[in-house]
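Please find below a short note on this entry. It should be read alongside the sequence and the coordinates.

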Amino acid sequence: MRAQTLLLLAVTLSLGACGNSRNDLAAKACSAEIANRLAGKTYQLDLGDLASHAKSEAADTLLLTSTAVFDKGLSTEYKQTYECRTRFDNANTPSVIYLQFNWNTADLKKSE
């Protein structure tokens, strides 16, 4: 009986993780907007991290924050945080209304 309960719990949790929550939809919208703006650049985003850092600002607005990795694995690799704000319409479709990359001055190279 206990094994069946654990199996049922595991299946329920994994099915719940497959759903498209508002956070997941907003993260996908942000990812698409970043891909559009950074076309031709090499970068990596973590959609799970982005979705997990979503904060509701209003009934129809989410602010998501995360870190992008540029030139991963190269000597020029660096990380940069970013913020993305989305607004949901009546059909529950998110639109990006704000996108900002926050430069870390510690990553900037000093000129000699």
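1. The model is predicted, not experimental. The remarks centre on strand β4, which spans residues 78-88.

2. On one side of the pairing list, β3 (61-70) and β4 run antiparallel, with 10 bridges between them. Within this pairing, Tyr82 of β4 has Ser66 opposite. β4 also pairs with strand β5 (residues 94-102), again in the antiparallel sense, over eight bridges. There, Glu83 has Gln100 of β5 as its bridge partner.

3. The turn. Five residues separate β4 from β5 in a hairpin. Asn92, in this turn, has a positive phi of about 65°.

4. The disulfide. The model contains one disulfide. Cys30 and Cys84 form this bond, and their sulfur atoms are 2.0 Å apart. Cys30 belongs to helix α2 and Cys84 to strand β4, so the bond ties together parts that are 54 residues apart in sequence. The torsion about the S-S bond is about -95°, so the disulfide is left-handed. Cys30 counts as buried because its relative accessibility is 0%; Cys84 is also buried, at 0%.

5. The nonpolar core. The largest nonpolar core has 17 residues, and Ile34, Leu50, Leu64 and Tyr82 have the most contacts inside it. At least two residues of this core come from each of α2 (22-37), α3 (47-52), β3 and β4. Nonpolar side chains tend to be buried together in soluble globular proteins.

6. Tyr82. Not counting residues up to four places away in sequence, Tyr82 touches Ile34, Leu50 and Leu64, among others. Its contacts also include Ser66, Thr67 and Ala68, as well as Leu99, Gln100, Phe101 and Asn102.

7. Is Thr86 buried or exposed? Thr86 has 0% relative accessibility and therefore counts as buried, the cut-off being under 20%. Leaving aside neighbours within four places in sequence, its contacts include Ala26 and Cys30, Leu62 and Leu64, and Pro94, Ser95, Val96 and Ile97. Gln80, also placed in β4, has 3% relative accessibility and so counts as buried. With the neighbours within four places in sequence left aside, Gln80 is in contact with Ser66, Thr67, Ala68, Phe70, Phe101, Asn102 and Trp103.

Methods:
Residues are numbered from 1 along each chain as its sequence is written. This is a predicted model: local features need pLDDT of at least 70, side-chain atom pairs count only at pLDDT 80 or more; totals for chains, interfaces and linings use all residues. Side-chain values use heavy atoms; hydrogens and water are left out. Helices (H or I, at least four residues) and strands (E, at least two) are DSSP runs, numbered from the N terminus. Buried means under 20% relative accessible area, exposed over 50%, partly exposed in between (1.4 Å probe, protein chains only). Contact means heavy atoms within 4.5 Å. A nonpolar core is a set of buried Ala, Val, Leu, Ile, Met, Phe, Trp, Tyr and Cys residues joined through side-chain atoms within 4.5 Å. Two strands pair if DSSP finds at least two bridges between them. A disulfide is a pair of cysteine sulfur atoms within 2.5 Å.
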